[in-house]
Amino acid sequence: MNYQENPPNRQVEPDENTGADRELKNLLNEWTVPEPTAALGERVFSNYRSQFHRREWWRWVAGSIRLPVPVAAMAGLLLCATSYLAVRKATTHSVKIVTVSAPTKVVEVPVPVIQERVVTRVVYAKRNAGDRSAPDVPAPIEGNKAIAKVDMTGFRPVSEIKIIVVKGDESNEK
Amino acid sequence: MTDEGLLKRAASGDEVAFALLYQRHRDPVFRFTYRLLQSRELAEEITHDCFLSLIKEPRRFKPDDRKASLRTYLCAAARNLAFKHLRQGGSEAVIDDVTEWLRAPVSEEPLRQLLGAEISEAVRQAIGALSPLQREALILFEYEEMSLSEIAEVACVDVGTVKSRLYRARERLRILLAPYFEGRAETDREKCPI
């Protein structure tokens with residue numbers, strides 16, 4: 001019996017079979033196969049699902065996603081730009097920290113206040129006998145101080161002053 | 001969608017893609033395994049193992065090879081599992097309950113039903129009597145209508161070896177089924193007197 005080599009994409013051609021081959025073929029076709037049970041499909045899909053349920057957590061660790069090249073390129077550029085800006089900002093912020101001066105310290109320093117000393121001098125003015133026009137005006141008293149009013153007409157300052165302190169009796173002191 | 005596309009999706013958890021793959025290739029794998037081992041239970045078990053191993057290790061299927069198709073890949077996997085079972089359990093295959101074959105379509109005459117069942121059983125036994133390698137070649141050629149090169153890929157042998165096995169298988173079957181050849185000839189003559 002000569003067998004013709006069938007091409008890879010075999011097509012059933014009755015003419016190439018001899019009569020005996022056809023008869024054998026018809027006999028062989030009498031043997032039919034039963035259908036698989038429904039339990040087969042259930043088992044297969046049940047195990048398929050359980051297999052992927054176990055591996056699901058691993059997918060989050062080692063899984064991968066597919067991105068189009070333009071999207072991946074844009075994402076990469078965005079990441080680089082963000083990283084550059086972040087580094088730059090961190091550098092600038094560190095320089096500013098260096099130049100900040102130490103906080104000023106407030107120290108209270110007592111400053112001597114020069115107070116003008118007010119010296120009140122009572123001047124006894126010699127009164128002429130005939131001059132009674134000048135009323136004997138008592139020195140006005142302002143606060144704790146007595147202020148004497150003096151007529152300065154014809155007053156001439158002295159070029160030289162010689163101060164002699166004469167301690168008189170208390171009766172002349174007013 | 002191609003088998004490769006469906007397999008990629010199924011391997012990453014797409015149940016719909018897996019269902020499509022299963023629907024496409026379940027029957028050829030089951031039929032081949034059933035005829036090889038002549039046991040529905042074993043055929044289902046091997047079919048189940050084939051599909052799950054395909055999903056576990058999808059990279060073992062290399063569609064870049066021009067000769068490779070998912071169908072031949074699955075048949076090769078089923079063949080390996082079936083032969084492993086045959087080696088473990090001895091050369092005798094588990095045979096289904098004969099009474100299953102007595103079931104026939106209700107529309108046929110009782111005599112025809114009986115004759116059909118008898119012929120079916122005789123063919124099953126005759127194919128069961130072949131060596132596993134001859135049986136494999138015959139089943140893939142006559143029932144699954146694979147080409148010689150595809151059978152060679154499944155069996156991991158060259159085309160010449162496949163041809164040789166087919167020839168010996170057919171010769172053996174003609175001897176075993178000779179009574180039925182004569183019977184069919186008489187029946188055909190009755191139908192067509194010319």
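Chain A of this predicted model has a secondary structure of three helices and two strands. Read from one end of the sequence to the other, the pattern of chain A goes α-α-α-β-β.

Next comes the meeting of the two chains. Here, 38 residues of chain A are in contact with 55 residues of chain B. The size of an interface is often given as the accessible area lost when the parts come together. For chain B and chain A, the buried area comes to about 4,500 Å², and carbon and sulfur atoms give 62% of that.

Five salt bridges are found between chain B and chain A. In one of them, the side chain of E15(B) pairs with that of R49(A), with 2.7 Å from N to O. The top contributor is α2(B), which supplies ten residues to the side that touches chain A. Sorted by type, the chain B residues on that side come out as 26 nonpolar, nine polar and 20 charged.

Then there is the nonpolar interior. In soluble globular proteins, nonpolar side chains tend to be buried together. The largest nonpolar core in this model holds 64 residues, and those with the most contacts inside it are L28(A), F18(B), V123(B), I127(B), L138(B), L173(B) and L177(B). Once again α2(B) comes up, as it gives the most to this core, with ten residues. L173(B) shows what the surroundings look like for one of these residues: setting aside neighbours within four places in sequence, L173(B) is in contact with L24(A) and L28(A) from chain A, along with A126(B), I127(B), L130(B), L138(B), A178(B) and F181(B) from chain B.

S39(B) sits in the loop between α2 and α3 of chain B. S39(B) counts as buried because its relative accessibility is 4%, and the cut-off for buried is under 20%. The side chain of S39(B) also reaches the backbone nitrogen of L42(B), at 3.2 Å.

Definitions and conventions. Residues numbered from 1 in each chain as written. Chains lettered and ligands numbered in written order. Predicted model: local features only at pLDDT ≥ 70, side-chain atom pairs only at ≥ 80, totals over all residues. Heavy atoms only, no water. Contact = heavy atoms within 4.5 Å. Buried area = accessible area lost by both parts, 1.4 Å probe. Salt bridge = Lys/Arg side-chain N within 4 Å of Asp/Glu carboxyl O. Helix = DSSP H or I, 4+ residues; strand = E, 2+ residues; numbered from the N terminus. Nonpolar A, V, L, I, M, F, W, Y, C, P; charged D, E, K, R; others polar. Buried < 20%, exposed > 50% of the residue type's maximum accessible area, 1.4 Å probe, protein only. Polar contact = N/O pair within 3.5 Å; in protein donor to acceptor, adjacent residues only side chain to side chain. Core = buried A, V, L, I, M, F, W, Y, C linked by side-chain atoms within 4.5 Å.
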